[in-house]
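Hi,

Here is the structure I promised to pass on to you. Have a look at it first, and my notes follow below.

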Amino acid sequence: MKKRHFLSGLCVAALAFGSGGMVQAQSHSYPVKPVRLIVPFPAGGATDLFARTLSQKLGEKMGTTLVVENRPGAGGTLGSDLAAKASPDGYTLLLSTSSTHSIGPNLNPRMPYDAVKDFTPISQVGNAPSIMLVPNISPARTVKEWIEYAQKNPGRLNYASSGNGTIVQLTAELFKAQANVFVVHIPYKGTALAIPDLVSGKVDVLFDSLPTGLPHVRDGRLRALGVTSLKATPLAPGVPPIADVLPGYESTTWFGLFGPKGLPPEVVARVNTAANQVLQDPEVIDKLQRFGIEPVGGTPAQFTSMLAKESAKWKKTITERKITLD
């Protein structure tokens, strides 16, 4: 009889272990096999380049191999949803951006995932500020002068974007709101297509990414008035932050590491520690800066706080400026 009770106890313990203890036990020896890093955007883009810059050294710090897996589609929604529905064992991670977790959820009420409830934030890993560009024929040579110029010509000036609901449009609309100016929106299918019209003066202003916009400034084809980061950035030496004129103004594309909801704290800590170490590597810093990205790092709590602030900011902008995907 005692033997039967003993076996029964083992069965109960095994069931309890299988219902959650297995994941906890595995997390103590994590990782024991390769880790999949989902990138919800196409190969060759900024997020993909970021992932491939991080993956090798992050894998080395974690003692495993990180396999980058591109799952593009629906503006990053498909790959993010795949990561959200993965097992929370630490073997599927996501490198995603503000478009999938701060902007998209506030633009599209039919998102297949909840950007807050369905993910475990691990670490913010990068920020990519934009640059405010104007034609050389523009009468404005500073952000302050451009705002005064726009205020004197309400509705006569325009700005280009890479399409409705993109970070480029939102950056401009946030600027308009804080500067209290009326500037007409002209959407293009990518900022590269807007550059010739900006150079010729058909477009009055464009908030472009640093890698695509700054070369035109260096070549003397365009004039840079300011950067969209809160403070000056080494990525654009000599270009002041717009926040110097519009206090608190900030618009950057952030990059972050996530896991599915329910990721064990031990796994979160392991990946976060490794990521912070990699982001201090001079080789990684150099590569990211060439992509127009500032390494960030920090704790999961700091990342979670940043996510809440970013979502609230873009929700306010999208609602008040009546921005839609149409």
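At what angle do helix 2 and helix 9 pack, and how far apart are their axes? The angle is about 125 degrees and the axes are 9 Å apart, which makes helix 2 oblique to helix 9.

Before the rest, some housekeeping. This is a predicted model, in which local features need pLDDT of at least 70 and side-chain atom pairs count only at pLDDT 80 or more, while totals for chains, interfaces and linings use all residues. Residues are numbered from 1 along each chain as its sequence is written, and side-chain values use heavy atoms, with hydrogens and water left out.

As for terms, helices (H or I, at least four residues) and strands (E, at least two) are DSSP runs numbered from the N terminus. Axes are lines fitted to C-alpha atoms, for helices over the stretch in contact, and angles run from 0 to 180 degrees between N-to-C directions. Angles under 35 degrees count as roughly parallel, over 145 as roughly antiparallel, 65 to 115 as roughly perpendicular and the rest as oblique.

A second pair is helix 4 with helix 11 (residues 300-320), packed at about 35 degrees with axes 9 Å apart. On the helix 4 side, Ser102, Ile103, Asn106 and Leu107 make the contact, and helix 11 brings Glu310, Ser311, Trp314, Lys315 and Ile318.

Helix 4 also turns up in the largest pocket, where it gives the largest share of the lining, 5 residues. A pocket here is an open set of points on a 1 Å grid over the protein atoms alone, where a 1.4 Å probe fits, with protein on both sides within 12 Å along at least five of seven lines; lining residues have an atom within 4 Å of a point. The volume is about 1,100 Å³, taken as the space filled by probe spheres set on the points, which are joined across faces, edges and corners. Of the 39 lining residues, Phe41, Ser99, Ser162, Thr166 and Ile167 lie nearest the centre.

Two backbone details to finish. Tyrosine 30 and proline 31 are joined by a cis peptide bond, with omega about 0 degrees; proline 31 is in the loop between helix 1 and strand 1. Alanine 74, in the loop between strand 2 and helix 3, has a positive phi near 55 degrees.

Best wishes

Note on methods
Contact means heavy atoms within 4.5 Å.
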